[in-house]
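Here's a quick briefing for anyone meeting this structure for the first time. Have a look at the sequence and the model, then read on.

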Amino acid sequence: IGTNGDIRYRIISSTAPGRFTVNEFNGAIAPAVSLDYEATAGRSTGLVIRAEDQGQPLRRSADSQLLVSVRNVNDNAPRFLPTSYSCIVPENVSGIICVELNVNDLDGLSFSRWTFSIVGGDPASDFLVDSAGRVVTQRALDRETVPSYVLSVAVSDGRNPGVN
């Protein structure tokens with residue numbers, strides 16, 4: 001076969017230059033930079049790859065179009081916005097919503113099934129955090145017994161925990 005069967009590959013067009021490389025000898029395509037769904041302006045990159053033989057006296061080539069799509073994965077922890085909250089609740093009344101926690105996850109809504117838990121500051125379990133992120137009094141509080149609380153609440157998206 002000689003040089004007619006000796007194929008070289010190269011990227012001749014890209015909608016995101018510099019994002020991918022192609023191995024000149026085997027045509028393997030690989031990312032040239034880290035691909036992060038949240039940091040990628042265009043979620044897809046179009047490439048045109050040329051395969052060209054080394055024939056003499058005439059080289060022959062063929063082009064192929066490739067669309068590479070970046071898939072979102074659960075790689076960011078949820079975050080509380082803001083990071084701290086305060087409230088005043090009446091004593092001797094239970095079921096009072098103290099605050100509604102606001103959570104953001106850069107991974108988007110597909111990974112927003114959050115689980116909340118109180119991880120500190122509530123030894124008698126006077127509070128709970130419901131599935132919507134509302135901090136609620138579970139029982140009537142007595143200001144003379146405990147004048148204030150400082151709670152630590154955690155949120156998890158099933159993979160990445162975030163603590164506030």
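## The largest pocket

The largest pocket has 25 residues in its lining, and Cys-87, Cys-98, Phe-127, Tyr-149 and Leu-151 are the ones nearest its centre. Keep in mind that this is a predicted model, where local features need pLDDT of at least 70 and side-chain atom pairs count only at pLDDT 80 or more, while totals for chains, interfaces and linings use all residues. Residues are numbered from 1 along each chain as its sequence is written, and side-chain values use heavy atoms, with hydrogens and water left out.

- The space in the largest pocket comes to about 610 Å³.
- Sorted by class, its lining holds 17 nonpolar, five polar and three charged residues.
- What counts as a pocket here is an open set of points on a 1 Å grid over the protein atoms alone, where a 1.4 Å probe fits, with protein on both sides within 12 Å along at least five of seven lines; lining residues have an atom within 4 Å of a point.
- The volume is the space filled by probe spheres set on the points, with grid points joined across faces, edges and corners.
- As for the classes, Ala, Val, Leu, Ile, Met, Phe, Trp, Tyr, Cys and Pro are nonpolar, Asp, Glu, Lys and Arg are charged, and the others, Gly among them, are polar.

## The β7-β11-β10 sheet

- Three strands make up an open sheet here, running in the order β7-β11-β10 with antiparallel pairing.
- At the edges are β7 (97-100) and β10 (127-129); each has a single partner strand, so one side of each has no neighbour in the sheet.
- From one strand to the next, the twist averages 15°.
- Strand β10 and strand β11 (residues 134-137) run antiparallel and are joined by three bridges.
- Which residue in β11 is the bridge partner of Phe-127? That's Thr-137.
- Strands are DSSP runs (E, at least two residues), numbered from the N terminus, and two of them pair if DSSP finds at least two bridges between them.

## The β1-β4-β5 sheet

- Another open sheet has three strands in the order β1-β4-β5, and its pairing is antiparallel.
- Here β1 and β5 take the edges with a single partner strand each, so one side of each is left without a neighbour in the sheet.
- The average twist in this sheet is 25° from one strand to the next.
- Nine bridges hold β4 and β5 together as an antiparallel pair.
- Within that pairing, Glu-52 has Ser-61 in β5 as its bridge partner.

## Salt bridges

- How many salt bridges turn up in a search of the whole structure? There are five, each one being a side-chain nitrogen of Lys or Arg within 4 Å of a carboxyl oxygen of Asp or Glu.
- Asp-63 pairs with Arg-50, and their closest N and O atoms are 2.6 Å apart.
- That pair links distant parts of the chain, 13 residues apart: Asp-63 sits in strand β5 (residues 61-69) and Arg-50 in strand β4 (residues 44-53).
- Asp-63 is partly exposed at 43% relative accessible area, and Arg-50 is partly exposed at 22%.
- Those labels follow set cut-offs: buried is under 20% relative accessible area, exposed is over 50%, and partly exposed is in between (1.4 Å probe, protein chains only).
- Arg-139 bridges to Asp-126, with 3.2 Å between the closest N and O atoms.
- Arg-139 is in the loop between β11 and β12 (152-156) and Asp-126 in the loop between β9 (115-120) and β10, so this pair ties together parts that are 13 residues apart in sequence.
- Asp-130 counts as buried at 18% relative accessibility, while Arg-134 is partly exposed at 30%.

## Distances along the chain

- Gly-18 lies in the loop between β1 (7-14) and β2 (20-22), and it counts as exposed at 53% relative accessibility.
- Between the C-alpha atoms of Gly-18 and Ile-7, eleven residues apart along the chain, the separation is 22 Å.
- For Asp-63 and Leu-101, 38 residues apart along the chain, the C-alpha atoms are separated by 53 Å.

Terms used:
Helices (H or I, at least four residues) and strands (E, at least two) are DSSP runs, numbered from the N terminus. Axes are lines fitted to C-alpha atoms, for helices over the stretch in contact, and angles run from 0 to 180 degrees between N-to-C directions.
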